[in-house]
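Subject: Structure handover

Hello,

Here is the structure I promised to pass on to you. Please have a look at it, and then read on for what turned up.

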Amino acid sequence: MSSADIADVDPVAVVLAWLAEHPKVTAALGGHGRVSGIREAPWPHLRVAPGAGGDLRALEWATEPEVTLEVYGDPSGWPGPHALRRIALVAALAAKELVDQPAAPGQPVVSAIRPSGVLIDSPLADGQPRHIFGLLTTIHPPQELP
């Protein structure tokens, strides 16, 4: 395995693809097309992004980078903090299901997901509601077949 294998493993892309198609996340958000890597309507919206923390260990095989889940409400304040908190927790629990998925050929393997801290109610400066939750995601490159 080369260091390029580790560099090519993108935990954000893996988690984003999983959550974008997860039925519980889709239901909690109110429909499809509400999970992406950017803050955008329709609201509520889940942004999956690189986190500020994590542990890249010795840059060998398995690393544990942070993936951040950011749930945005409508700039008018809807749907409110309780609903955004619930959506963030539904998404975090759905992300944990990645650990139980069989390894797909040629795809990175997620072996653990755990919170990096607490769920934070952190509205934007303009008042748009937002909840943030970090997930430490243990991931490694696909196993090479003999």
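A quick word on terms before the details: a residue counts as buried under 20% relative accessible area, as exposed over 50%, and as partly exposed in between. Ala 17 has a relative accessible area of 46%, so it is partly exposed. Please keep in mind that this is a predicted model.

Ala 17 sits in helix α2.

Setting aside neighbours within four places in sequence, Ala 92 is in contact with Leu 69, Phe 133 and Leu 135. With Leu 135 the C-alpha to C-alpha distance is 7.5 Å, across 43 residues of sequence.

Now for the overall fold. There are 4 helices and 6 strands in the protein, and from the N terminus on they follow the order α-α-α-β-β-β-α-β-β-β. The radius of gyration is 16 Å, close to the 15 Å that the globule rule gives for 146 residues, so the protein is as compact as a globular protein of that length. The C-alpha trace spans about 55 × 25 × 20 Å along its principal axes. Of the contacts between residues at least 6 apart in sequence, 59% link residues at least 24 apart.

On to the interior. Of the 146 residues, 42% count as buried. The largest nonpolar core has 28 residues, and the members that touch the most others are Leu 19, Val 25, Leu 46, Val 48 and Leu 69. Two or more residues come from each of α2 (11-20), α3 (23-29), β2 (45-55), β3 (64-72), α4 (81-96), β4 (109-115) and β6 (130-140). Helix α4 gives the most to this core, with 8 residues.

Val 48 is worth a click in the viewer. Beyond its neighbours within four places in sequence, its contacts include Val 12, Val 15, Leu 16 and Leu 19, as well as Val 67, Thr 68 and Leu 69.

Lastly, the surface and the charges. The accessible surface comes to about 7800 Å², and carbon and sulfur atoms account for 57% of it. The protein has 10 positive and 16 negative charges, and their mean positions lie 10 Å apart.

Enjoy looking around!

Best wishes

Definitions and conventions: Residues numbered from 1 in each chain as written. Predicted model: local features only at pLDDT ≥ 70, side-chain atom pairs only at ≥ 80, totals over all residues. Heavy atoms only, no water. Core = buried A, V, L, I, M, F, W, Y, C linked by side-chain atoms within 4.5 Å. Buried < 20%, exposed > 50% of the residue type's maximum accessible area, 1.4 Å probe, protein only. Contact = heavy atoms within 4.5 Å. Rg over C-alpha atoms; globule rule 2.2 N^0.38 Å. Areas by Shrake-Rupley, 256 points an atom, 1.4 Å probe, with all protein chains shown as cover. Lys, Arg positive; Asp, Glu negative; His and termini not counted. Charge placed at Lys NZ, Arg CZ, Asp CG, Glu CD.
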